[in-house]
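Trainee: I would like to learn how to read pockets, salt bridges and strand pairing from a model. Please take them one by one.

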Amino acid sequence: SGPGPVDIAVFSVTGRRVAEFRNLQGTAGYNQFLWNLLDADGDPVASSAYVYTVSSGGSSVTGVMAVVRDP
């Protein structure tokens, strides 16, 4: 709801941390972050479901997203 640093972590459905983004600058109101779909090693992630957490100021939100790639 207010400005401040935001952390985003992306996990596979097995619980492995795929990517992490720390100290992103968030503003009050609506924000968006575009992920390039690369893991921490710089490799493209596979088509699958992923769990993400967004944390800021002691609170966090968890959600699920799907990555679908053309065959």
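**Pocket, salt bridges and sheet**

Mentor: The largest pocket has 19 lining residues, and those nearest its centre are Val6, Gly26, Asn31, Val54 and Ser56. Strands here are DSSP runs of E with at least two residues, and helices are runs of H or I with at least four, numbered from the N terminus. This is a predicted model, in which local features need pLDDT of at least 70 and side-chain atom pairs pLDDT 80 or more, while totals for chains, interfaces and linings use all residues. Residues are numbered from 1 along each chain as its sequence is written, and side-chain values use heavy atoms, with hydrogens and water left out.

Trainee: How much space lies in the largest pocket?

Mentor: Rolling a probe the size of a water molecule over the atoms shows where empty space is left. A pocket is an open set of points on a 1 Å grid over the protein atoms alone, where a 1.4 Å probe fits and protein lies on both sides within 12 Å along at least five of seven lines; lining residues have an atom within 4 Å of a point. Here the largest pocket holds about 520 Å³, a volume being the space filled by probe spheres set on the points, which are joined across faces, edges and corners.

Trainee: Which classes of residue make up the lining?

Mentor: There are 13 polar residues, six nonpolar ones and no charged ones. Ala, Val, Leu, Ile, Met, Phe, Trp, Tyr, Cys and Pro count as nonpolar, Asp, Glu, Lys and Arg as charged, and the others, including Gly, as polar.

Trainee: How many salt bridges does a search of the whole structure find?

Mentor: The test is a side-chain nitrogen of Lys or Arg within 4 Å of a carboxyl oxygen of Asp or Glu. Three pass it. Asp7 and Arg22 have their closest N and O atoms 3.9 Å apart; Asp7 is in strand β1 and Arg22 in strand β2, 15 residues apart. Glu20 meets Arg17 at 3.8 Å and Arg22 at 3.4 Å. Through shared partners, Asp7, Arg17, Glu20 and Arg22 form one network.

Trainee: Is Arg22 buried or exposed?

Mentor: Buried means under 20% relative accessible area, exposed over 50%, and partly exposed in between (1.4 Å probe, protein chains only). Arg22 is exposed at 52%, whereas Asp7 is partly exposed at 23%.

Trainee: What is the strand order in the open sheet?

Mentor: Strands of a sheet pair through backbone hydrogen bonds, either parallel or antiparallel. Two strands pair if DSSP finds at least two bridges between them. The order is β2-β1-β3-β4, with antiparallel pairing, and β2 and β4 are the edge strands. Seven bridges join β1 to β2, where Ile8 stands opposite Phe21.
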